[in-house]
Amino acid sequence: MDTVLYIVIPCYNEEKVLPLTAPMFLSKIEELVEKDLISKDSRVLFVNDGSKDKTWEIISALSKEDARYQGISLSRNRGHQNALLAGLMYAKDRAGITISIDCDGQDDVNAMNDMVEAYHKGFDVVYGVRSARKTDTFFKRTTAEGFYKLMNAMGAEVVYNHADYRLMSSRVLKEFANFKEVNIFLRGMVPLVGFASTSVYYERHERMAGESHYPLKKMLALAFDGITSLSVKPIRIITGFGLFVAAISLIGIIWSVIVALSGNAVSGWASTVSIICFLGGIQLLSLGVIGEYIGKIYLEVKGRPRYIISETTEKEKEE
C-alpha cells in the first residue's frame, strides 16, 4: 500500500507521558503497515508547542533513534489548535492521510484501524467519536456534554463528543489550507470543508501520565472562541432581545403617559432604579459580546502568522 500516513500529535509539557505513548503510536504504524493499509514511509509527527520542560529534547532523541519519528517545534506557545494546525499543514504535502490525536494516551489508538479502512472505502474525513465517558467524573462529563450542546445551539457545526481525533485526506488538507482566519476552532472548521465523512466510535481511557491541559476554564474559553469564530448567532440573540426590551419599553411609556394624564402618578424610586440597573446590565453585556467580535476582526485584519516553526528534526538530520 502506497498511502503515507502521518500521525500528528501536539505536545505541550508532555515529558512525563511522551516516553509512554510514543512507542504506542509507532507500534500502531507498524501494525497498519503489516496489514497493508498504509505505506512503510508513514511517520509519527510530534509538534512541540513551546514546551517549558524537556518535551523537545525527548522528541529530538526519539527522531535520532528511529527515522519514523519526526518533530517540529514552534517558536513559542501558540495553543493546542494552532499547534495542531502547524502539524497538519506540515504533513499535507508529505502524506496521503493524517490522523491527529492528543499525546496523553486517552484516545484509543486502535480506532485508527477503522479510520484508515473507512478512508479506503472512500471517506476523506473520519471523526473519532467517544462512545462513552466512563472515566470522567460527573462534573467533567456534564460540562463536556454541555459544551457540545451549547456549540450546536449557538450555530457552530460540531460533531457531538468529537474532539480533535480525526483522519483527514491530503485533498481535504489542501482545501483547508485556504482557510486563512487567525481565530481557529478546528473541530468546527473541518465540517465546513465538506467531502465525504463518517465517524468511528471508541471508549476514552484514563490519562497515562501528567496532568490535563484542559480544565474547565480553558474549555469555556474554547467554547466562547468557537462560537464567536464560527457563528453570529449571539449578535442575533442580542438584536432579538433588544427588540423585545424596546417593545416592553414602548408599552411602559404608554402606560406612564396614561397614568400621568389621569393624575394618579406616584413616585417610584425602587422601580426606576431596578429598570435602569437591568437595562444597564444588558447594555454592558451586549457591548461585551459585540466587543469580542470586534476584537476578532482586529486580529484578522492584522493577518499575523498563526504559528512559526523554529526547528525541525529533519533539519537536524540534514546537518
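**Figure 1. Salt bridge between D66 and R68 in the predicted model.** The closest N and O atoms of D66 and R68 lie 2.8 Å apart. D66 is buried, its relative accessible area being 18%, whereas R68 is partly exposed at 23%. A search of the whole structure finds 8 salt bridges.

**Figure 2. Salt bridge between K92 and D93.** Here the closest N and O atoms are separated by 3.2 Å. K92 counts as buried, with 16% relative accessibility; D93, at 57%, counts as exposed.

**Figure 3. Salt-bridge network of K28, E31 and K35.** E31 and K28 are 3 residues apart in helix α1, so about one helical turn separates them. K28 is buried at 3% relative accessibility, while E31 is partly exposed at 27%.

**Figure 4. Crossing of helices α1 (residues 18–34) and α2 (residues 55–65).** The two helix axes come within 11 Å and cross at roughly 35 degrees; the crossing is right-handed. L18, P19 and A22 of α1 meet T55, I58, I59 and L62 of α2. By class, this contact comprises 6 nonpolar residues, 1 polar residue and no charged residues.

**Figure 5. Surroundings of F46 in the largest nonpolar core.** Of the 34 residues in this core, I9 and F46 touch the most other members. Elements that give two or more residues to the core include β1 (5–11), β2 (43–48) and α4 (111–120), and α1 gives the most, with 6 residues. Leaving aside residues up to four places away in sequence, F46 touches several residues, among them I9, L18, A22, I59 and L62. Another core, of 29 residues, lies apart from this one and includes Y6, A86, Y127 and V129.

Definitions and conventions:
Residues are numbered from 1 along each chain as its sequence is written. This is a predicted model: local features need pLDDT of at least 70, side-chain atom pairs count only at pLDDT 80 or more; totals for chains, interfaces and linings use all residues. Side-chain values use heavy atoms; hydrogens and water are left out. Axes are lines fitted to C-alpha atoms, for helices over the stretch in contact, and angles run from 0 to 180 degrees between N-to-C directions. Helices (H or I, at least four residues) and strands (E, at least two) are DSSP runs, numbered from the N terminus. A crossing is left-handed if the near helix is turned anticlockwise from the far one by less than a right angle, and right-handed if clockwise. Contact means heavy atoms within 4.5 Å. Ala, Val, Leu, Ile, Met, Phe, Trp, Tyr, Cys and Pro count as nonpolar, Asp, Glu, Lys and Arg as charged, and the others, Gly among them, as polar. A nonpolar core is a set of buried Ala, Val, Leu, Ile, Met, Phe, Trp, Tyr and Cys residues joined through side-chain atoms within 4.5 Å. Buried means under 20% relative accessible area, exposed over 50%, partly exposed in between (1.4 Å probe, protein chains only). A salt bridge is a side-chain nitrogen of Lys or Arg within 4 Å of a carboxyl oxygen of Asp or Glu.
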